Amino acid sequence: MEVMNKILSGSDATNRRLEFPAGSLWAFPMPDGQNSVEFVASDIHEQQWRLKVSVRNEGRYSKPWLKGEWGDYVHQKQLRKGDRVILTMNDEENGERIYRIGAERKHFGFWYSIDEQQ
(Lines give C-alpha, C1' and ligand atoms only; values in the text may rest on other atoms or scores of the structure.)
Protein backbone atom coordinates (compact mmCIF):
# COMPACT_ATOMS: atom_id res chain seq x y z
CA MET A 1 0.00 0.00 0.00
CA GLU A 2 1.42 3.36 -0.98
CA VAL A 3 2.16 5.63 1.98
CA MET A 4 3.89 8.51 0.21
CA ASN A 5 4.59 9.55 -3.36
CA LYS A 6 6.46 12.85 -3.34
CA ILE A 7 8.42 14.90 -5.83
CA LEU A 8 11.41 16.32 -4.01
CA SER A 9 11.82 20.01 -3.42
CA GLY A 10 15.25 21.60 -3.39
CA SER A 11 15.34 21.56 0.41
CA ASP A 12 14.23 17.89 0.53
CA ALA A 13 17.23 17.01 -1.62
CA THR A 14 19.83 19.21 0.10
CA ASN A 15 18.83 19.19 3.79
CA ARG A 16 19.07 16.16 6.01
CA ARG A 17 15.30 15.94 6.23
CA LEU A 18 12.28 15.64 3.97
CA GLU A 19 9.09 17.58 4.47
CA PHE A 20 6.75 14.66 5.03
CA PRO A 21 3.14 14.86 3.76
CA ALA A 22 0.74 15.13 6.72
CA GLY A 23 -1.72 12.93 4.82
CA SER A 24 0.74 10.04 5.16
CA LEU A 25 0.95 10.10 8.97
CA TRP A 26 -1.75 7.42 9.20
CA ALA A 27 0.94 4.81 8.44
CA PHE A 28 2.96 5.77 11.53
CA PRO A 29 0.84 5.59 14.67
CA MET A 30 2.60 7.51 17.46
CA PRO A 31 2.08 6.58 21.09
CA ASP A 32 0.44 9.26 23.21
CA GLY A 33 2.92 11.84 24.41
CA GLN A 34 5.46 11.11 21.67
CA ASN A 35 6.19 13.25 18.65
CA SER A 36 8.24 10.78 16.61
CA VAL A 37 8.40 7.18 15.50
CA GLU A 38 11.34 5.29 14.01
CA PHE A 39 11.07 2.66 11.32
CA VAL A 40 13.25 0.80 8.82
CA ALA A 41 12.58 0.90 5.08
CA SER A 42 14.36 -1.35 2.60
CA ASP A 43 15.25 -0.35 -0.93
CA ILE A 44 15.19 -2.60 -4.01
CA HIS A 45 18.68 -3.91 -3.11
CA GLU A 46 17.46 -4.87 0.40
CA GLN A 47 19.61 -2.15 1.97
CA GLN A 48 17.92 -0.99 5.14
CA TRP A 49 17.46 2.69 5.93
CA ARG A 50 16.71 3.77 9.51
CA LEU A 51 14.23 6.59 9.23
CA LYS A 52 12.26 8.69 11.68
CA VAL A 53 8.98 10.58 11.23
CA SER A 54 8.67 13.54 13.58
CA VAL A 55 5.97 16.13 14.16
CA ARG A 56 6.28 19.35 16.10
CA ASN A 57 4.77 19.52 19.58
CA GLU A 58 3.31 23.00 19.24
CA GLY A 59 1.51 25.01 16.64
CA ARG A 60 -1.61 24.71 14.60
CA TYR A 61 -0.25 22.14 12.15
CA SER A 62 1.78 19.00 12.84
CA LYS A 63 4.39 19.85 10.10
CA PRO A 64 5.89 16.35 9.85
CA TRP A 65 9.48 15.65 8.82
CA LEU A 66 11.33 12.52 7.77
CA LYS A 67 14.81 12.36 9.25
CA GLY A 68 17.18 9.63 10.40
CA GLU A 69 19.26 8.29 7.51
CA TRP A 70 17.36 10.41 4.98
CA GLY A 71 20.48 12.46 4.17
CA ASP A 72 22.49 9.29 3.58
CA TYR A 73 19.75 7.94 1.32
CA VAL A 74 19.73 11.15 -0.73
CA HIS A 75 23.52 11.08 -1.01
CA GLN A 76 23.77 7.41 -2.04
CA LYS A 77 20.97 7.67 -4.60
CA GLN A 78 22.24 11.07 -5.80
CA LEU A 79 18.74 12.51 -5.50
CA ARG A 80 17.97 16.03 -6.62
CA LYS A 81 15.07 18.43 -6.92
CA GLY A 82 12.36 16.96 -9.16
CA ASP A 83 13.12 13.31 -8.36
CA ARG A 84 10.30 11.26 -6.86
CA VAL A 85 10.38 9.15 -3.71
CA ILE A 86 7.81 6.44 -3.09
CA LEU A 87 7.30 4.82 0.31
CA THR A 88 5.11 1.75 0.65
CA MET A 89 3.96 -0.35 3.58
CA ASN A 90 2.66 -3.90 3.88
CA ASP A 91 1.14 -5.45 6.99
CA GLU A 92 2.34 -9.04 7.32
CA GLU A 93 0.19 -11.82 8.76
CA ASN A 94 2.33 -11.83 11.92
CA GLY A 95 1.46 -8.16 12.54
CA GLU A 96 4.81 -6.79 11.40
CA ARG A 97 4.87 -3.75 9.12
CA ILE A 98 7.28 -3.85 6.19
CA TYR A 99 8.28 -0.53 4.64
CA ARG A 100 9.94 -0.14 1.23
CA ILE A 101 11.48 2.99 -0.24
CA GLY A 102 12.28 3.74 -3.85
CA ALA A 103 13.40 6.69 -5.94
CA GLU A 104 12.66 7.64 -9.52
CA ARG A 105 13.84 10.27 -11.98
CA LYS A 106 11.86 11.64 -14.91
CA HIS A 107 13.54 11.37 -18.29
CA PHE A 108 11.79 12.36 -21.52
CA GLY A 109 8.42 12.32 -19.77
CA PHE A 110 8.79 8.86 -18.20
CA TRP A 111 9.72 7.91 -14.64
CA TYR A 112 12.66 5.52 -14.25
CA SER A 113 13.86 3.76 -11.12
CA ILE A 114 17.07 5.26 -9.81
CA ASP A 115 17.69 2.08 -7.81
CA GLU A 116 17.70 -0.11 -10.92
CA GLN A 117 20.30 2.16 -12.54
CA GLN A 118 22.79 1.64 -9.70
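A residue counts as buried when its relative accessible area is under 20%. The views below are taken from a predicted model.

View 1. Val 3 belongs to strand β1, which covers residues 2–7. Its relative accessible area is 6%, so Val 3 is buried. Leaving aside residues up to four places away in sequence, Val 3 touches Phe 20, Ser 24, Trp 26, Ala 27, Phe 28, Leu 87, Thr 88 and Met 89. Of these contacts, Met 89 is 86 residues from Val 3 along the chain, and the C-alpha atoms of the two are separated by 6.5 Å.

**View 2. Ser 24 in the loop between β2 and β3.** The loop that holds Ser 24 runs between β2 (18–19) and β3 (36–42). Ser 24 has a relative accessibility of 5% and therefore counts as buried. With residues up to four places away in sequence not counted, Ser 24 touches Val 3 and Met 4.

**View 3. The edge-to-face pair of Phe 20 and Phe 28.** Six aromatic pairs are found in a search of the whole structure. In the pair formed by Phe 20 and Phe 28, the ring centres are 5.7 Å apart and the planes meet at 75 degrees; planes over 60 degrees apart count as edge-to-face, so this pair is assigned to that class. Phe 20 counts as buried because its relative accessibility is 3%. Phe 28 is likewise buried, with a relative accessible area of 4%.

**View 4. The stacked pair of Phe 28 and Tyr 99.** Phe 28 also pairs with Tyr 99, at 5.1 Å centre to centre and with 10 degrees between the planes, and this pair is stacked. Phe 28 lies in the loop between β2 and β3, whereas Tyr 99 lies in strand β7 (residues 97–107), so the pair ties together parts that are 71 residues apart in sequence. Both Phe 28 and Tyr 99 are buried.

**View 5. The aromatic cluster that includes Phe 28.** One aromatic cluster is formed by Phe 20, Phe 28, Phe 39 and Tyr 99. Among its members, Phe 20 and Phe 28 are also residues that Val 3 touches.

**View 6. Arginine side chains over tryptophan rings.** The charged end of Arg 17 sits over the ring of Trp 65, at 3.7 Å from the ring centre.

Methods. Residues are numbered from 1 along each chain as its sequence is written. This is a predicted model: local features need pLDDT of at least 70, side-chain atom pairs count only at pLDDT 80 or more; totals for chains, interfaces and linings use all residues. Side-chain values use heavy atoms; hydrogens and water are left out. Helices (H or I, at least four residues) and strands (E, at least two) are DSSP runs, numbered from the N terminus. Buried means under 20% relative accessible area, exposed over 50%, partly exposed in between (1.4 Å probe, protein chains only). Contact means heavy atoms within 4.5 Å. Rings of Phe, Tyr and Trp (its six-membered ring) pair if their centres lie within 6.5 Å; planes under 30 degrees apart count as stacked, over 60 as edge-to-face and the rest as tilted. A charge sits over a ring if NZ of Lys or CZ of Arg is within 6 Å of the ring centre and within 35 degrees of the ring normal.
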